[in-house]
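Thanks for asking me to look this over with you. Have a look at the sequence and the fold, and then go through my points one by one.

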Amino acid sequence: MEEWGEPYKPGHLSVAELFCVRCCERSETRRSQSYKMSAKQLVLLAAAVFQLSSAAVLKDGSEVPTYLSPCIRNTPEFNQCIRKALQLLMGKLSKAGIQELGLESVDPLSIAELEMTYNGGDPVIGADVTLKDTITRGFSAIKVIDVRSKTDDPNFFGMDIDFYVPRIVTNGKYKMEGHVGNYPVNGAGDFNITTTEVTGTWKLRGTPIVDDGVTYIRIDRMTVRPEIGGLKAHASNLINDNPELSQIVLAFVNRFWKVLYQEMIPYAEEHFEKILKGIVNKIFLKIPYDQLFPPARLE
């Protein structure tokens, strides 16, 4: 896929980057704890927020407060403006969602059912897997590292978003039939997967569309292939009614998770795209393009 600018290289954040992120968080906490506002300052702050807040008018005529100054596309500041806006948006999505857009909280993120088939013919893993009632936690701690975009083409929209999440935990129920390594697997039960040091790039590719004279962006593809620094898995009853062999298979998974992850992620990526694209299009297909990202004014 086409890239814009220097892409963030997935993998571990450097010591300097992690130090910066964590120190900034501690610094912000100390400042917020030590800073006390007077009544007059509170009034001024409320007035400033009110003036900066704007509302996007949706297709159905309802309004969604943005609480942000707009990011003007095709300007030098656009990408950094989007990075900051996305960081704030993820904070709001993590807490309460955006009800006007039909977006629920993403932390925790609940998925009723997900079916995946790994049938690449590789000896490492081959299985039909069904996951149910999964709950994923950790997205509220996401850090938006960088943004690169292409918004100057009337027939194309593209945006790459680099991110880092320190820890993601997923729980749920599973059913699996197939093999892991040389071990046959035919079981069902509860599972827990914890991943750490998660990095990657969301790649959005879309098309401007016109509806009743108003332009919107339809996201056609949204791909992500995360890199992870660590993985720990637990699953009950991997081999039906054979707890000893189930523990052997689980030990194999936790020892060779890097190989298994590389085999499984291309299949999982397709399912991630369906889920993520649906969430993103609830925003892009409801808020007009010129309100979402206003065009630069001609001098």
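Which residue in β6 is the bridge partner of Ala 127? Keep that in mind while you read; point 2 has the reply.

1. First, some ground rules. This is a predicted model, in which local features need pLDDT of at least 70 and side-chain atom pairs count only at pLDDT 80 or more, while totals for chains, interfaces and linings use all residues. Residues are numbered from 1 along each chain as its sequence is written, and side-chain values use heavy atoms, with hydrogens and water left out.

2. Now the reply: Ala 127 has Gly 178 as its bridge partner in β6. Strands here are DSSP runs (E, at least two residues), numbered from the N terminus, and two strands pair if DSSP finds at least two bridges between them. Strand β4 (residues 125–137) pairs with β6 in the antiparallel sense, over 11 bridges.

3. Please follow β6 to its other partners too. Strand β5 (residues 143–150) is antiparallel to β6 and joined to it by seven bridges, with Val 147 opposite Ile 161. A hairpin through six residues links β5 to β6. Between β6 and β7, which run antiparallel, there are 23 bridges; Asn 171 has Asn 192 as its partner in β7. In the hairpin of these two strands, with two residues between them, Gly 181 takes a positive phi near 65°.

4. Leaving aside neighbours within four places in sequence, Leu 204 is in contact (heavy atoms within 4.5 Å) with residues including Phe 157, Met 159, Ile 219 and Phe 284.

5. Is Thr 194 buried or exposed? Thr 194 counts as buried because its relative accessibility is 15%, and buried means under 20% relative accessible area (1.4 Å probe, protein chains only). Thr 194 lies in strand β7 (residues 183–211). Not counting residues up to four places away in sequence, Thr 194 touches Arg 167, Ile 168, Val 169, Gly 230, Leu 231 and Lys 232.

6. Finally, a word on confidence. The protein chain has a mean pLDDT (the predictor's confidence in each residue, from 0 to 100) of 79, and 75% of its residues reach 70 or more. Over residues 8–54, pLDDT stays under 50.

Conventions:
Helix = DSSP H or I, 4+ residues; strand = E, 2+ residues; numbered from the N terminus. Buried < 20%, exposed > 50% of the residue type's maximum accessible area, 1.4 Å probe, protein only.
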